[in-house]
Each structure stands twice: as structure tokens, then as C-alpha cells.
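Have your viewer open and the selection panel ready. This tour goes stop by stop, telling you what to pick next and what you will find there.

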Amino acid sequence: MRDAVHLSLAGVSLTLGGRPVIDRIDLAARRGETLVVLGPSGCGKTSLLRLIAGLLAPDAGRITVAGAAPVPGVATAMVFQSYRLLPWKTVRANVAFALPHLGERERSARVDRVLAQVGLGRFADAWPRELSGGMQQRVALARALAPEPELLLMDEPFAALDAQSRELMQAELLRLTGGGAGPTVVFVTHSVDEALVLADRVLLLSPRPARIVEELPVTFPRPRWQHDPREAPGFAELRRHLWDRLRAMVVSDPNSDFYRGGES
Amino acid sequence: MAEDARAVGPRQRASTGAAPLPVAALRLGFLALVLLVWWLAARAAPAGLFASPAAVARALARLLAEGRIWPALGQSLTVYLAGTGAAVVTGIALGALMGMIRPVGQMLDIYVHGLAATPRVAFIPLIIVLLGLGFEAKILIVFLGAVMPIVLNAYAGVRAADPDLVEMARATGAARGRILAHVVLPGALPYLVAGVRIGATIGLINTVVAELYTAVSGLGGLLALYGSRFQMAEYLAVVVVLAAIGVAMTEGLRLAERRMLRWRGSD
Ligand SMILES: Nc1ncnc2c1ncn2[C@@H]1O[C@H](COP(=O)(O)OP(=O)(O)OP(=O)(O)O)[C@@H](O)[C@H]1O
Ligand SMILES: [Mg+2]
């Protein structure tokens with residue numbers, strides 16, 4: 001069961017506003033696997049997550065999650081870069097918003113449990129504006145984890161955080177999703193280090209329209225919140241390799257700010 | 001959204017206990033000034049054309065004691081609250097519908113704007129032909145005045161919904177109704193309250209207009225009666241009662257708004 005394909009995309013293309021954004025992407029993720037999607041700015045990473053969440057329909061190709069076309073719902077959860085908490089709901093009510101399918105008692109027990117997991121038990125009755133950015137993002141993570149999704153989609157969730165909070169959140173994510181029955185994760189980032197810390201596999205995307213230009217298995221031992229992979233042998237090489245690929249793509253992309261007219 | 005890393009505990013907010021007293025004092029001071037100007041004006045005016053504050057107060061006390069004002073107040077409040085209440089419900093529902101379903105909004109908004117710009121008094125003869133001179137006609141006149149700003153504000157508020165929050169809600173599997181109730185309407189609340197406040201004011205004006213133009217009744221009827229008899233003290237006492245209704249309504253709305261928007265904090 002763990003090795004079964006959970007998420008698959010076959011020949012998926014997407015056009016937005018007349019411009020191709022995603023170009024014939026194929027990929028498959030096993031149940032419980034963490035895929036990290038790395039790619040230049042504006043290449044179509046968020047659009048890819050929207051497709052997988054069932055928020056957008058592809059123009060061509062086929063997407064299946066657990067064997068069926070994706071529909072938004074409790075089996076799939078999404079974490080966004082800007083935390084997207086409802087400012088008129090308390091922390092507790094924000095998390096409960098993701099649990100409409102549970103009865104009152106079960107819902108409140110679940111909310112208490114996930115808030116304790118992210119270390120915000122004491123802030124259950126606070127308003128979002130009373131929390132720091134890192135705390136708001138932990139609420140967003142709690143909201144995503146609360147329905148115990150099988151598929152967790154994360155769109156640069158830690159990009160707006162300071163360097164320290166970001167490291168702590170990465171460790172927290174590894175701890176919360178790393179256990180035996182953890183969800184399948186698709187994680188989008190701009191950060192090569194973050195990709196290598198979290199991923200079972202890194203997918204490198206081209207500039208828009210996004211294609212997969214490389215798939216890189218990342219085999220550092222787990223649990224990684226205990227063994228920091230950045231000290232593992234091979235980390236520096238993988239890091240340099242990914243950076244070289246990204247840099248080469250960006251400087252040869254005529255739409256990029258860093259375009260060097262094909263000289264490299 | 002503020003990114004500062006204040007480690008503020010839940011429900012820990014600056015006390016606002018100091019503010020209300022000076023505000024109340026300022027308001028009372030201004031009221032004293034108005035009364036003074038009124039009193040001076042009443043002294044300067046030829047006898048019988050205007051009444052002093054004291055005469056108005058005595059007239060008001062008399063109206064209240066003799067019970068002459070209560071039936072009129074009851075009639076006016078019935079018309080006012082029924083018409084305005086119907087306008088709030090209908091206006092928010094229609095505005096939300098126009099905002100949530102693009103084609104409905106595009107189809108209707110030009111007509112709503114057009115109707116909002118037409119003086120509603122123009123419809124009174126038509127309303128009388130259709131509904132006669134009774135309660136229904138009055139309630140409809142109040143309703144038509146109050147509903148337009150409520151529709152337009154609800155429409156604007158729903159269209160101003162944060163698309164990021166709507167997408168977040170969609171991603172949890174929420175259907176339209178749930179998104180409306182938990183995301184769109186709470187976000188539109190400041191617009192809704194503004195619309196209701198304007199609507200409630202126009203509703204009160206139209207209550208008096210309706211009472212003057214259809215079967216004369218209520219506080220508007222008393223205005224017509226005392227005005228035609230040059231009983232200026234009684235006339236102004238009725239005006240004071242109308243103003244008090246207006247103040248009670250807007251203050252009530254302000255309190256409700258503060259309670260519903262407490263998530264925004266005191267800024
Ligand atoms: N609704 C839309 N209509 C038209 N074009 C769109 C729409 N949404 C996105 N795009 C375009 O599609 C491209 C990919 O957008 P997307 O947000 O998926 O990229 P991204 O890789 O997530 O970018 P970033 O790195 O900035 O987060 C961009 O060029 C963007 O301008
Ligand atoms: Mg993006």
C-alpha cells in the first residue's frame with residue numbers, strides 16, 4: 001500500500017489567459033512520498049498545485065489522486081505562502097473551519113490536538129492579528145493537518161518567514177508528517193536547501209511554460225529533524241548541482257531579469 | 001497584515017476605558033451650545049413662529065403625559081421598522097446574489113444604480129394607486145428608500161471579498177453557501193453596516209414622507225397637524241422625538257458594529 005501510486009499526472013498542460021503555463025507534465029508520487037518542486041519565479045509552480053488540488057482543470061492530460069480526478073475536500077489540504085487565516089475567526093475557529101465533516105465534540109477535540117502539536121494550545125482563543133507571522137503560519141499548518149489529509153500541498157509556505165522561524169518550521173513539518181502514516185506531500189519552494197532537507201525527490205521545473213527538466217532522488221537518512229542532512233556527505237554536491245541547473249535556466253530565459261543573451 | 005513578532009497573549013488588549021468620558025462630555029457641551037443658539041433664535045423670532053427649548057420641553061412632557069404621542073409613535077415605528085427590516089433582509093440577499101453570481105450582477109447593477117438615482121417620491125402616486133393609502137403603501141415607500149444603499153453596499157462588499165481567502169475556503173471543499181457565510185459576508189461586514197446605516201436614515205425620512213403623502217398618521221401626521229395650527233412647541237417636540245429615533249438607531253448600529261468587528265481590534 002505504501003508503495004502504491006497516490007498522485008499521478010500524465011501529459012498535463014494548462015493555459016492561462018492565452019499563455020501556456022504548464023507544458024505536458026508527467027509525474028507520479030507514491031503514498032507517503034515527499035516531492036519538492038523547485039523552479040524559477042513565475043514558472044507555474046502555484047498553478048501546478050492548483051491543478052493537483054482540483055481548483056483548476058487542465059487543458060490537456062489527466063490527473064488522478066487515489067485513482068480519481070481531484071476534487072477539493074478534506075482528503076487534500078493546501079498551505080499557502082500568505083497564511084490565509086480568516087481574520088474574523090479565532091485561532092480555534094480557523095482550524096475548525098477545515099473540519100465541517102466532523103461532529104461538534106470530535107471537531108473540538110481534533111482542534112485542541114493539532115493546536116497542541118504545533119505548540120499553540122495557549123493561543124486557541126487569540127485573533128490572528130495578535131500572532132506573529134511564524135505563529136500564523138503554524139495555525140495554517142494546523143488547519144491543513146487537522147483533517148488528516150492524505151495529500152498535503154504546500155506552496156512556498158515558509159518563504160515569508162525569517163530564517164530562524166523557517167528552520168524551525170521545516171523541522172516541525174518533518175516531525176509532523178514524517179511518521180509511518182504521514183501524507184503524501186508536494187512542496188513548492190524557491191530554496192535549494194529547503195528542497196534538499198525535505199524531499200524524497202526533487203522535481204526541477206523549466207521557466208514558463210513549466211516542464212520537468214530533472215528528477216533528482218534525495219536519499220539522506222530519515223528522520224531528518226534528528227540527522228540534519230546539511231551535514232551529510234553529498235549534500236554540498238547536490239546543492240551545487242541544483243544551483244547550476246537553476247542558474248543556467250534563468251540566464252538563458254529571455255523572459256528573465258537575469259537573461260544574458262545566450263552567452264552562457 | 002502585521003508581521004511584528006510581538007509575543008502578545010490571547011485576549012490581551014490595551015484598555016479603552018479612558019476614552020468614552022471625554023467624548024460624552026464633548027457631546028453634552030455641544031448640545032448645550034445648540035440649545036443656547038436655539039434659545040437666542042427663539043427670543044429673536046416674532047412670537048408664535050418659533051418656540052424656545054423650554055417651551056418645547058414642556059410641550060414634549062405634555063404630549064407624553066397626555067399619551068397623545070404614543071399611538072403616533074407606535075404607528076411610525078411599525079412602518080419604519082417593518083420597511084427598514086424588509087430592506088435589510090432583501091438588500092443584503094440581493095446584493096450578495098449580484099456579487100456572488102457575476103452575470104446576475106452585470107444584468108442588474110445598471111438598473112439598481114438608475115433606481116437609486118430616481119427620487120423615490122416620484123413613485124408615491126403609483127404606490128397609492130396600487131396599494132392605497134394604508135400601512136402597506138407606507139411600508140413600501142420606506143422599503144424603497146432604504147433598500148437601495150443596502151443593495152449597493154452589499155454588492156460592493158461581496159465583490160471586494162479577498163480572492164485568496166475564497167480560494168483557501170474552496171480548497172477545504174467548502175461550497176458556495178459555506179464560503180458566503182464564513183468568508184464573504186464577514187469580510188463585507190463593514191460595507192453592510194455602512195449600507196444599513198444609510199438605509200436606516202433614509203428609511204426614517206421616508207417614514208415621515210409616507211405619513212404626509214398617504215393617509216396622514218403617525219409622527220408625520222402630528223407634524224402636519226401642529227404645523228398647520230402653528231403650535232410650534234408641539235411641532236418641535238415631535239421633531240425632537242424623530243431625532244431621538246435617529247440617534248437611537250445609529251447608536252445601536254454602532255454598538256452592533258463594534259461587537260461584530262472586535263476581531264479588528266481598536267485601531
Ligand atoms: N489567472 C491567471 N491568468 C493569467 N495568467 C496567469 C494567471 N495565474 C497565473 N498566471 C501566469 O501564469 C504563470 C505562472 O504562474 P504561477 O503563479 O503558477 O507561477 P509560480 O511558479 O507559482 O510563480 P512564483 O514563483 O512567483 O510563485 C505566471 O506567468 C503568471 O503570470
Ligand atoms: Mg507561486
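**Stop 1: colour by confidence.** Keep in mind that this is a predicted model. Its scores are ipTM 0.90 and pTM 0.84. Now select chain B and colour it by pLDDT: the mean is 87, and 92% of the residues of chain B reach 70 or more. For the two ends of the range in chain B, pick helix α5 (residues 124–131), where confidence is lowest at a mean of 86, and then helix α7 (residues 163–171), where it is highest at 96. Next, select residues 1–15 of chain B, where the pLDDT is below 50. Beyond near neighbours in sequence, this stretch still has 25 contacts in the model. Where pLDDT is low, the predicted coordinates should not be read in detail.

**Stop 2: bring in chain A.** Show both chains and select the residues in contact: 31 from chain B and 32 from chain A. About 2900 Å² is buried between the two chains, and carbon and sulfur atoms give 57% of that area. Which residues of chain B lose the most area to chain A? Select B:Glu167, B:Met168 and B:Trp263, which together account for 23% of what that side buries.

Stop 3: For a salt bridge to zoom in on, show the side chains of B:Asp164 and A:Arg84, which meet at 3.5 Å, N to O.

Now look at which elements of chain B supply the side that touches chain A: α7 and α8 (176–213) each give two or more residues. The largest share comes from α7(B), with seven residues. Colour this side of chain B by class and you will find 13 nonpolar, seven polar and eleven charged residues.

**Stop 4: a glycine in a helix.** Select helix α10 (residues 232–260) of chain B and pick out B:Gly246 within it. Is B:Gly246 buried, partly exposed or exposed? Its relative accessible area is 23%, so B:Gly246 counts as partly exposed, given that buried means under 20% and exposed over 50%. To finish, draw a distance from B:Gly246 to B:Ala44: the two are 202 residues apart in sequence, and 29 Å apart in space, C-alpha to C-alpha.

Note on methods. Residues numbered from 1 in each chain as written. Chains lettered and ligands numbered in written order. Predicted model: local features only at pLDDT ≥ 70, side-chain atom pairs only at ≥ 80, totals over all residues. Heavy atoms only, no water. pLDDT = per-residue confidence, 0-100. Helix = DSSP H or I, 4+ residues; strand = E, 2+ residues; numbered from the N terminus. Contact = heavy atoms within 4.5 Å. Buried area = accessible area lost by both parts, 1.4 Å probe. Salt bridge = Lys/Arg side-chain N within 4 Å of Asp/Glu carboxyl O. Nonpolar A, V, L, I, M, F, W, Y, C, P; charged D, E, K, R; others polar. Buried < 20%, exposed > 50% of the residue type's maximum accessible area, 1.4 Å probe, protein only.
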